[in-house]
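Thanks, everyone. Let me put the model up.

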Number of protein chains: 2
Amino acid sequence: MQILVPFPGMEPLARRIAAETGAEIQPVDLHRFPDGETLVTLGGDPSGRNVAILATLRDPDLLALPLRFAAATARELGATRVGLIAPYLGYMRQDTRFHPREAVSAPIFAGFLDECFDWLVTADPHLHRNPSLSALFRIPARRVATAPLLASWIAENVPDAVLLGPDSESQQWVAEVARLAARPYQVLTKHRSGDRQVEISLPDSAVLRQGTPVILDDIASSGHTLVQTLEQLPALGAPPAICVVIHAVFADGADDAIRRAGAARIVSTDSIAHATNAIGIAKLLAGAVKTVAGAT
Amino acid sequence: MQILVPFPGMEPLARRIAAETGAEIQPVDLHRFPDGETLVTLGGDPSGRNVAILATLRDPDLLALPLRFAAATARELGATRVGLIAPYLGYMRQDTRFHPREAVSAPIFAGFLDECFDWLVTADPHLHRNPSLSALFRIPARRVATAPLLASWIAENVPDAVLLGPDSESQQWVAEVARLAARPYQVLTKHRSGDRQVEISLPDSAVLRQGTPVILDDIASSGHTLVQTLEQLPALGAPPAICVVIHAVFADGADDAIRRAGAARIVSTDSIAHATNAIGIAKLLAGAVKTVAGAT
């Protein structure tokens with residue numbers, strides 16, 4: 001990769017990735033007209049260069065066509081290759097038909113990106129039913145794992161941490177972070193009692209009184225999972241918990257709701273720029289880009 | 001075409017097209033999550049059927065992925081063909097690089113639709129530099145011309161009309177509407193005097209005093225073209241004008257600005273649902289669909 005093109009809001013992360021890779025940063029302008037169309041203008045000459053567009057895919061509907069326009073225009077202007085660094089990869093949760101006649105968005109969105117880009121780098125995509133990115137993407141796609149960074153942050157900042165996985169889906173990942181941080185962990189079980197009431201339980205709630213609870217979540221979107229968990233920890237005798245999330249989607253002020261539910265602190269990686277960012281993933285992304293993008 | 005799937009807001013036009021074609025209407029649900037993703041759910045079974053999605057492409061950025069999801073899901077569920085009826089086709093105005101390194105959105109957007117659909121029907125796309133839809137689209141694409149309907153409306157409702165084309169681009173089209181309505185026409189010339197001042201002139205302004213001015217415009221988006229024209233007509237001795245537009249995009253309350261600038265009335269086709277709709281194009285669209293979609 002020679003040229004890094006940060007979409008709006010991605011400039012700070014772009015500078016950190018450029019510092020690792022030596023790439024030149026070229027700006028791009030997205031002008032949104034009031035009729036809902038976007039004019040994309042590249043800020044530099046991509047001719048003969050290996051280009052990466054950096055865009056985190058929160059609000060993917062609004063970003064899809066501008067990404068297509070930017071990639072196609074870089075090619076028209078002579079870019080040798082055009083890749084996408086998407087620290088957060090949207091649409092991965094809709095990976096099956098939960099109800100009849102629903103769109104299975106994950107593979108369709110992957111197909112759209114296949115048509116736009118030559119390669120993809122992302123961080124911890126939500127791959128529940130798809131075992132790997134190569135099952136979804138035809139282009140070379142690399143995922144970086146943030147677990148070692150989360151574990152380091154926890155070991156350094158919460159030495160008495162007791163890790164909590166919010167549901168059975170998170171079991172494997174939380175166990176890995178706990179192993180790397182050399183701290184105990186528990187995975188919560190949810191029980192639905194009535195239409196709107198959810199209760200959680202722990203295999204061994206005594207462990208909660210041995211340290212500071214750290215709730216892990218891969219994507220904090222509505223924040224419901226974290227809020228539900230936080231609301232019930234006091235009944236289990238736990239002190240205020242710290243929430244560590246990978247992707248700070250935080251729709252509609254979800255981070256405020258999480259704080260109101262009792263979080264002592266919320267911490268996230270910088271895959272999505274947010275006030276809670278505390279764990280930088282630029283070096284991880286830069287390493288993966290080197291393996292997939294090629295030098296020229 | 002056997003099944004017509006109207007996107008949100010398109011149900012009234014769908015009923016008028018279905019009345020012409022005998023197609024069955026099947027609903028589709030678009031659920032937009034607060035994180036900017038959309039879940040598309042088809043409301044009926046498309047298996048073994050020839051499907052048309054009806055969506056007018058105002059706000060194309062927000063519609064692009066949902067269109068892709070709907071089309072791909074209809075195919076996965078067994079639809080034999082999937083076409084798009086887009087009464088208003090977005091992104092056709094960005095048909096060249098007006099400034100260096102700009103995206104030429106029109107052909108890129110056409111390529112996106114090529115990947116989603118088997119055929120396309122639209123009404124009077126803004127094809128200034130692209131001579132025809134076949135220069136842009138690989139899939140069969142049909143355009144219907146609204147000029148006869150505009151002419152009929154004018155002949156019936158403004159018998160003393162003097163047609164005005166707002167700029168030289170509109171010459172050919174305005175001449176055609178005038179011929180069909182059997183009324184005189186003039187095309188305005190714009191002169192830029194200073195940074196923000198635009199003056200208009202007419203080859204023969206005396207004609208304006210012979211009847212009611214009817215300003216034609218294909219796409220009323222910001223409304224600037226109509227507002228500028230309306231503001232200067234009084235100085236030419238003209239009575240209040242009627243504005244007839246094909247596509248009622250009307251971004252940011254542009255229709256109110258047009259009224260404030262002195263329009264006696266604003267009239268549009270129903271290619272985009274709007275309070276100004278007065279000219280129905282369902283029969284035209286239905287006719288084109290029959291030629292391109294096939295019966296099954």
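Buried means under 20% relative accessible area, with a 1.4 Å probe and protein chains only. Keep in mind that this is a predicted model.

So, is A:Gly223 buried or exposed? Its relative accessible area is 6%. The cut-off is 20%, so A:Gly223 counts as buried.

Leaving out residues up to four places away in sequence, A:Gly223 touches A:Ala254 and A:Ile258. Take A:Ala254. In sequence, A:Gly223 and A:Ala254 are 31 residues apart. In space, their C-alpha atoms are 5.3 Å apart.

On to the interface. Chain A brings 47 residues to the contact, and chain B brings 47 residues. The buried area between chain A and chain B is about 3,900 Å². Carbon and sulfur atoms give 56% of that area.

What about charge? Between chain A and chain B there are 10 salt bridges. One of them joins the side chains of A:Glu37 and B:Arg93, at 3.9 Å, N to O.

Which elements of chain A give two or more residues to the side that touches chain B? They are strand S4 (38–42), helix H2 (60–76) and helix H3 (105–116). H2(A) gives the most, with 11 residues. By type, that side of chain A divides into 22 nonpolar, 10 polar and 15 charged residues.

That's it from me. Over to you.

How values were computed:
Residues numbered from 1 in each chain as written. Chains lettered and ligands numbered in written order. Predicted model: local features only at pLDDT ≥ 70, side-chain atom pairs only at ≥ 80, totals over all residues. Heavy atoms only, no water. Buried < 20%, exposed > 50% of the residue type's maximum accessible area, 1.4 Å probe, protein only. Contact = heavy atoms within 4.5 Å. Buried area = accessible area lost by both parts, 1.4 Å probe. Salt bridge = Lys/Arg side-chain N within 4 Å of Asp/Glu carboxyl O. Helix = DSSP H or I, 4+ residues; strand = E, 2+ residues; numbered from the N terminus. Nonpolar A, V, L, I, M, F, W, Y, C, P; charged D, E, K, R; others polar.
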